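This briefing is meant for a reader who is meeting the structure for the first time. Please look over the sequence and the model before turning to the points that follow.

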Amino acid sequence: RQFEVYTVADYRAFVAEGRATAAAVACENTQNLRVEKTAFRTLNDPMLLGYQGLTHFSSVQDGGAARLLAALGYRNYGSSYGYLAGSTAAADSLLGVGYYLDPGNAGAPSHFEPADLGAPWAVYQNQNALPRALWAAGAADAFAVSEAADPFAAAEGLYAALLGQSAGLFTAVDGGAQGGSEFTLTVPADGILYAVFTGAAADVPLAVNGQDTGTVLSTARSAGAVVDLGRRAAGETVTLRLGAAVDTAQFALLDESALQTACQALRAAAPAVQRWRDGDIALATDRADAGLVVLTLPYSQNWRAALDGRVVDVQAAGELLAVEVPAGAHTLTLRYTQPGLAAGGALSAAALAVLAVLALRRRRN
């Protein structure tokens with residue numbers, strides 16, 4: 001009763017077309033960027049269709065991954081944080097979301113451009129998507145995101161920690177009122193306009209300049225979620241009407257040229273990927289100064305790191321995984337060790353030995 005009901009034929013078509021689209025993207029996705037979409041049929045479409053994304057309903061409900069996604073303004077659905085049409089271009093680029101799958105031809109977020117891959121579904125590409133391993137000029141503690149930070153300040157802080165200086169991505173825009181159901185804005189410059197609403201008692205419809213754009217999720221499920229209001233021109237007037245009053249409304253404009261400049265600098269400084277498999281990563285660095293390799297993977301103490309074959313510590317850069325690396329040319333390897341693996345292996349070996357003895361006795365008898 002929680003989900004829509006589909007015919008068998010419809011579900012088979014979804015799986016066949018989705019897997020074909022994911023396979024087409026995989027052929028182009030040489031940088032191992034993340035893939036996303038909003039429409040879903042299961043609790044884990046990425047596993048079903050064969051792509052890697054942010055939205056896994058079963059795996060990001062708790063811990064650092066959920067906290068980071070919430071801080072960056074991704075929409076919350078039930079108790080799970082996921083993509084679901086709510087993000088900024090800065091957050092997507094930072095977390096390496098490079099492709100967007102559109103099963104229903106509904107269009108993509110403003111920062112995605114069409115990619116002609118000849119796939120069953122429409123595919124869009126984010127040209128500013130960053131690799132999953134980055135070089136940071138700042139220290140690990142610079143990546144901590146304040147609980148009081150809004151999604152725009154959270155993204156600004158993370159980019160500053162990576163660059164060692166402010167990126168100047170977002171500019172606050174006056175909406176004319178702190179709360180209510182109608183807002184009028186004058187856009188100060190070219191860019192993508194975003195909003196964050198709080199205080200709605202239920203899902204409410206949103207109209208932008210008289211055109212319906214869907215609903216704003218309720219505060220109970222998506223406090224602080226980002227709403228994409230589209231790419232706007234300097235001097236443009238934007239009128240918003242909500243189906244119910246909200247307690248607060250915050251608006252910010254993203255400078256796309258500043259984002260592009262920041263991403264170009266981070267991409268140029270990023271470690272070279274020698275190997276990237278689930279739980280098994282090898283990177284090469286060659287820098288004139290010491291720094292921090294930051295991976296946009298959730299921090300876990302179960303990661304093990306080695307620098308040029310020598311064991312080194314992993315750190316928590318906020319909610320992300322990081323390793324300190326000195327100046328010069330180095331090879332960094334990271335492997336995820338399943339908790340209890342050694343003990344489990346020993347117990348399994350002991351159990352097999354016992355079974356072998358029992359089998360031998362039975363055969364002799």
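Threonine 55 is buried, because its relative accessible area is 10%, where buried means under 20% relative accessible area, exposed over 50% and partly exposed in between, with a 1.4 Å probe and protein chains only. The model is a predicted one, in which local features need pLDDT of at least 70 and side-chain atom pairs count only at pLDDT 80 or more, while totals for chains, interfaces and linings use all residues. Residues are numbered from 1 along each chain as its sequence is written, and side-chain values use heavy atoms, with hydrogens and water left out.

**Two single residues**

- Threonine 55 sits in the loop between α2 (45-49) and α3 (63-71), where helices (H or I, at least four residues) and strands (E, at least two) are DSSP runs numbered from the N terminus.
- Between threonine 55 and glutamine 274 there are 219 residues of separation in sequence, and their C-alpha atoms are 26 Å apart in space.
- Leucine 206 belongs to strand β11 (residues 204-208), and it is buried, with a relative accessible area of 2%.
- Ten residues along the chain separate leucine 206 from valine 216, and the distance between their C-alpha atoms is 6.5 Å.
- With neighbours within four places in sequence set aside, the contacts of leucine 206 include Val216, Val227, Leu229, Leu240 and Leu242, a contact being heavy atoms within 4.5 Å.

**Nonpolar cores**

- The largest nonpolar core has 48 residues, and those with the most contacts inside it are Leu72, Phe143, Tyr159, Leu169 and Phe170; such a core is a set of buried Ala, Val, Leu, Ile, Met, Phe, Trp, Tyr and Cys residues joined through side-chain atoms within 4.5 Å.
- Helix α5 (residues 151-163) gives the most to this core, contributing seven residues.
- Apart from this core lies another, of 20 residues, and among them are Phe183, Ala195, Val204 and Phe251.
- Not counting residues up to four places away in sequence, phenylalanine 170 touches Thr88, Ala90, Phe152, Ala155, Glu156, Tyr194, Ala252, Leu253 and Leu254.

- The 13 residues of α5 should span 18 Å at 1.5 Å a residue, and its end C-alpha atoms are 18 Å apart, which agrees; the expected span is 1.5 Å times one less than the number of residues.
- Among the buried residues of α5 are Phe152, Ala155, Leu158, Tyr159 and Leu162.
- After α5 comes glycine 164, whose phi is positive, near 80°.
- Helix α1 (residues 8-28) has 21 residues and reaches 31 Å from its first C-alpha to its last, close to the 30 Å expected at 1.5 Å a residue.
- In α1 the buried residues are Phe14, Val15, Gly18, Thr21, Ala22, Ala24 and Val25, and the buried residues of this helix pack against β1 (34-37), α2, β4 and β6 (122-125).

**Strand β15 and its partners**

- Strand β15 (residues 248-254) is mostly covered, with five of its seven residues buried.
- Strand β8 (residues 170-173) runs antiparallel to β15 and is joined to it by four bridges, two strands being paired if DSSP finds at least two bridges between them.
- Valine 173 has phenylalanine 251 as its bridge partner in β15.
- Strand β10 (residues 191-198) also pairs with β15 in the antiparallel sense, over seven bridges, and in β15 the bridge partner of valine 196 is glutamine 250.

**Aromatic pairs**

- The structure holds nine aromatic pairs, counted when the ring centres of Phe, Tyr and Trp (its six-membered ring) lie within 6.5 Å, with planes under 30 degrees apart taken as stacked, over 60 as edge-to-face and the rest as tilted.
- Tyrosine 100 and phenylalanine 112 form a tilted pair, 5.5 Å centre to centre with 45° between the planes, and both tyrosine 100 and phenylalanine 112 are buried.
- Tryptophan 303 and tyrosine 336 form an edge-to-face pair, 5.6 Å centre to centre with 75° between the planes.
- This pair links distant parts of the chain, with tryptophan 303 in strand β19 (residues 303-307) and tyrosine 336 in strand β23 (residues 328-336), 33 residues apart.
- Tryptophan 303 counts as buried because its relative accessibility is 9%, whereas tyrosine 336 is partly exposed, with a relative accessible area of 35%.
- One aromatic cluster is formed by Tyr100, Phe112 and Tyr124.
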